[in-house]
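This briefing covers one protein chain. The notes below are grouped by topic and are meant to be read next to the sequence and the coordinates.

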Amino acid sequence: MAEPVWLTFDLFEGRVGEEFVVSAYDGPSVRTELVEAVESDRPGGAGPDGAPRSQFSLVFRGPVGPVLPQATHRVEHAELDPMDVFLVPVGSGPDGVQYQAVFA
């Protein structure tokens, strides 16, 4: 697993439409697109510096198959350090499978 990273909405808000590769630790990797990044107006938990972060959610869309299970997966982007993110498949359709991550 990657070193723990304190993820914030600021890392993702300008990356909607960009590619992220999601890798299962015991299975396949899939190319996904970040299709939604939503910030809540409610404060989240305190970070390493003691300051709260905003709660936010991310939705990635991957191919119709393979479908990754609900689990912590390695997520990589060309301009970011690799990160471990808990993703849940939340829907599927002809355009692919959607995975959501929620940060509180």
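Val 22 is a residue of strand E1, which covers residues 19–23. The model is a predicted one.

- The relative accessible area of Val 22 is 2%, and the cut-off for burial is under 20%, so Val 22 counts as buried.
- Neighbours within four places in sequence left aside, the contacts of Val 22 include Pro 28, Ser 29, Val 30 and Thr 32.
- Leu 68, His 73, Arg 74, Val 75 and Leu 87 are also in contact with Val 22.
- Of these contacts, Ser 29, Val 30 and Thr 32 fall within the range of strand E2, residues 29–46.
- His 73, Arg 74 and Val 75 fall within the range of strand E4, 71–77.
- Gln 55 is 33 residues from Val 22 in sequence, and their C-alpha atoms are 22 Å apart in space.

**Overall fold**

- The chain contains 1 helix and 6 strands.
- Read from the N terminus, the order of elements is α-β-β-β-β-β-β.
- A compact globule of 104 residues would have a radius of gyration near 13 Å, and the chain agrees with this because its own value is 13 Å.
- The C-alpha trace extends about 40 × 25 × 25 Å along its principal axes.
- Contacts between residues at least 24 apart make up 55% of those between residues at least 6 apart in sequence.

**Strand pairing**

- Strands E2 (residues 29–46) and E3 (residues 52–62) run antiparallel and are joined by 8 bridges.
- In this pairing, Pro 43 is opposite Ser 54 of E3.
- The two strands E2 and E3 make a hairpin, with 5 residues between them.
- Gly 50, in the turn of that hairpin, has a positive phi of about 90°.
- E3 also pairs with strand E6 (residues 96–103), again antiparallel, through 7 bridges.
- Ser 57 is the residue opposite Val 102 of E6.

**Cis peptide**

- The peptide bond between Gly 65 and Pro 66 is cis, with omega about 0°.
- Most peptide bonds are trans.
- Pro 66 sits in the loop that runs between E3 and E4.

**Surface and charge**

- Buried residues account for 34% of the 104 residues of the chain.
- The chain has an accessible surface of about 5,900 Å², and carbon and sulfur atoms contribute 49% of that area.
- There are 6 positive and 16 negative side chains.
- The centres of the positive and negative sets are 3 Å apart.

How values were computed:
Residues numbered from 1 in each chain as written. Predicted model: local features only at pLDDT ≥ 70, side-chain atom pairs only at ≥ 80, totals over all residues. Heavy atoms only, no water. Helix = DSSP H or I, 4+ residues; strand = E, 2+ residues; numbered from the N terminus. Rg over C-alpha atoms; globule rule 2.2 N^0.38 Å. Buried < 20%, exposed > 50% of the residue type's maximum accessible area, 1.4 Å probe, protein only. Contact = heavy atoms within 4.5 Å. Areas by Shrake-Rupley, 256 points an atom, 1.4 Å probe, with all protein chains shown as cover. Lys, Arg positive; Asp, Glu negative; His and termini not counted. Charge placed at Lys NZ, Arg CZ, Asp CG, Glu CD. Pairing = 2+ DSSP bridges.
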